[in-house]
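Me: I have a structure open here and I'm new to it. Can we go through it together, starting with a detail and then the whole?

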Amino acid sequence: MHSKIYDVIVVGAGHAGCEAALAAAKIGADTLMFMIKLETIGRMSCNPAVGGLAKGHLTREVDALGGAIGQVIDRTGIHFRMLNKSKGPAVWAPRAQADRMKYQLEMRSVVEHQENLEIKEALVEELLVQKGQIKGVKTQYGQTYFGKTVIIAAGTFLNGTIHIGKNKYSAGRAGEFASLKLSDSLKAHGFPLVRFKTGTPARLDSRSLDYVKLEEQKPDEPPPKFSYYTDIEPKNYVSCFLTYTNKRTHKIIADNITKSSLFSGNITGIGARYCPSIEDKIKKFPEKDRHQVFIEPEGLNTFEMYANGLPTSFPPQVQLDMIHSVEGLENAKLMRYGYAIEYDSIPTEYIQYSLETRLIKGLFFAGQINGTSGYEEAAAQGIIAGINAVNYVMKKEPIVMHRDNSYIGVLIDDLVTKGVDEPYRMFTARAEYRLHLRQDNADERLMPLGHDLGLIADERYNKFTEALNIKNREIIKLQKTNAKTDSDKAYKMIDILRRPEIAYDDLTKFGYKIGNDVTDLIKDKISLEVKYEGYIKRQKQEIERFNYLENKSIPADFNYMEFETISYEAREKLTKVKPLSVGQAARIPGVTFADVSALLIKLKTLDAK
């Protein structure tokens with residue numbers, strides 16, 4: 001037994017655990033982080049990449065709050081791209097391939113160098129709870145560690161089971177122990193467990209691929225950064241490659257479908273609809289003749305390649321036959337086989353906006369335990385859980401992210417209000433205000449908060465405020481400066497920039513002088529805000545209406561079951577979720593517009609008393 005009482009204990013050292021522990025320690029809390037193996041800190045379990053559609057937004061938001069993921073990928077990325085550039089700016093998304101081993105080592109270095117953060121290799125098996133309050137944890141060695149708060153960020157390790165064909169074995173990740181007794185402890189303390197499933201594809205030997213048949217995908221130059229106002233300069237080193245499944249691939253899959261763990265009856269967990277195994281894709285979309293397969297390097301010092309698009313739980317020989325049917329992969333040698341993994345998570349009705357649980361005070365959940373999938377979703381929850389664990393210790397109000405200020409807010413609100421019946425993945429379509437929540441303005445939306453919390457250093461914050469001043473100066477200058485045109489009509493530079501075909505640098509053709517301190521980031525921000533001004537203005541009006549309902553609070557002791565004006569289904573749902581505001585109530589599935597109107601009237605009568 002250890003007599004020391006930590007402020008924050010974090011269980012797990014994946015993307016959620018690292019961000020939680022780093023945030024708590026940076027703010028000043030005495031923090032302890034457990035992991036099953038020291039070598040696995042920050043390990044990328046599946047795809048060696050960060051960012052992508054909507055996930056790039058989350059990464060930049062975590063960075064703007066002072067998290068680590070953005071800087072670590074900037075230092076260890078090997079292929080950077082901005083996705084969706086042919087579409088509107090609301091859905092532009094940065095993405096980077098990582099050198100998997102370098103990423104892991106860099107994240108471990110960040111963790112080990114963080115003051116106030118102690119790390120320990122041990123398997124946490126039991127929660128210590130007294131009168132509904134977390135008191136600490138117990139490890140497999142029988143040792144007890146006391147903490148004022150505990151954050152569970154266990155990833156796929158809670159009762160994890162790996163499936164390959166009809167074979168299955170206990171593991172939290174290939175070659176690593178699962179956490180079995182912690183699931184039992186959670187259950188003993190009243191948390192029901194639900195079973196989810198995810199999967200990973202085979203890894204190929206790059207020397208055995210036919211690159212003539214593969215479509216090369218070159219990175220963007222210059223590489224788009226994830227972390228704002230740092231001296232890190234990302235570099236591109238490699239290309240990725242694209243190929244497709246075909247009718248022969250699909251026939252192999254169809255002929256062997258019962259050999260897949262997914263269709264043999266071995267797997268009971270629910271998989272992600274938007275990131276299914278290849279056999280699930282073929283089954284659900286029989287009309288499609290082909291599916292994309294991205295061949296992505298795992299690092300600069302390895303021949304291992306990730307076959308993105310072919311996650312599977314087929315037995316080894318079927319995996320081999322399936323991969324050899326794909327163009328360019330006819331002679332591919334497999335270095336690792338793909339597999340499916342089942343794991344335990346908790347229904348999200350048991351967490352609050354702060355990510356503290358409803359059943360046990362001081363206990364927080366972050367990452368896949370909350371039903372999400374993906375590194376970026378995990379990192380986003382981790383940093384919020386870390387911040388709010390410290391706020392709990394300091395008896396401060398929790399930080400609550402909202403749908404109108406961040407994708408992190410959308411993520412957490414979806415979990416708490418709507419719940420999940422499958423592994424949750426973030427999409428831009430989930431955000432109503434995505435033109436306002438662009439990836440390029442995450443700094444303006446969240447960096448002041450990160451600085452106030454003590455997660456953004458003064459030096460970096462000063463660079464941000466300086467850039468913001470330059471941007472505001474330029475906008476005023478654009479509004480006041482006349483453009484030199486052949487037309488008799490007088491145009492301001494800002495009117496020229498509104499034209500769809502005009503880029504910021506094109507303004508020099510009209511006599512505009514761009515200051516040397518105007519960076520590409522500032523140019524892009526101004527261009528987007530000017531060109532989409534009308535749309536952004538309308539979205540801000542929508543946000544004002546949203547805030548009216550969001551600020552209309554509901555008493556914590558409001559008895560919905562006695563409120564017979566609304567439907568019984570709505571009363572049940574409202575009682576289950578216990579919304580903090582009318583806005584949150586309106587987003588609960590099963591609550592109608594009529595129910596919300598009746599609730600508003602009822603609250604007005606209560607206010608009048």
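Me: Is Tyr461 buried or exposed?
Reply: This is a predicted model, and in it Tyr461 is buried, with a relative accessible area of 16%. The cut-off for buried is under 20%.

Me: What about Phe464, buried or exposed?
Reply: Phe464 counts as buried, at 2% relative accessibility.

Me: How are Tyr461 and Phe464 placed in helix H13?
Reply: They are three residues apart in helix H13, which covers residues 458-480, so about one helical turn separates them.

Me: And why is the ring pair of Tyr461 and Phe464 called tilted?
Reply: The ring planes of Tyr461 and Phe464 are at 45 degrees, so the pair is tilted; the ring centres are 5.4 Å apart. Stacked would need planes under 30 degrees apart, and edge-to-face over 60.

Me: Which residues do ring pairs link into a cluster with those two?
Reply: Tyr228 and Tyr229 are linked with Tyr461 and Phe464 into a cluster.

Me: How many aromatic pairs turn up in the whole structure?
Reply: The search finds 13 aromatic pairs. One of them is edge-to-face: Tyr433 and Phe546, with 5.6 Å from centre to centre and 65 degrees between the planes.

Me: Where in the chain are Tyr433 and Phe546?
Reply: Tyr433 is in the loop between helix H11 (407-418) and helix H12 (442-453), while Phe546 is in helix H16 (residues 533-550). They are 113 residues apart, and the pair links distant parts of the chain.

Me: Is Tyr433 buried or exposed? And Phe546, buried or exposed?
Reply: Tyr433 counts as buried at 8% relative accessibility. Phe546 is buried too, with a relative accessible area of 10%.

Me: New topic, charges. Which ring does Arg430 lie over?
Reply: Arg430 lies over the face of Tyr424, 4.2 Å from the ring centre. Arg499 has its charged end over the ring of Tyr491, 5.2 Å from the centre of that ring.

Me: Now the whole thing. How many helices and strands does the chain have?
Reply: There are 19 helices and 21 strands in the chain. The radius of gyration is 25 Å, close to the 25 Å from the globule rule for 609 residues, so the chain is as compact as a globular protein of that length.

Me: What does the C-alpha trace span?
Reply: About 80 × 75 × 50 Å along the principal axes.

Me: How much of the chain counts as buried?
Reply: Of its 609 residues, 56% count as buried. The chain exposes about 26500 Å², and carbon and sulfur atoms supply 50% of that.

Terms used. Residues numbered from 1 in each chain as written. Predicted model: local features only at pLDDT ≥ 70, side-chain atom pairs only at ≥ 80, totals over all residues. Heavy atoms only, no water. Phe/Tyr/Trp six-rings, centres within 6.5 Å; stacked < 30°, edge-to-face > 60°. Helix = DSSP H or I, 4+ residues; strand = E, 2+ residues; numbered from the N terminus. Buried < 20%, exposed > 50% of the residue type's maximum accessible area, 1.4 Å probe, protein only. Lys NZ or Arg CZ within 6 Å of the ring centre and 35° of its normal. Rg over C-alpha atoms; globule rule 2.2 N^0.38 Å. Areas by Shrake-Rupley, 256 points an atom, 1.4 Å probe, with all protein chains shown as cover.
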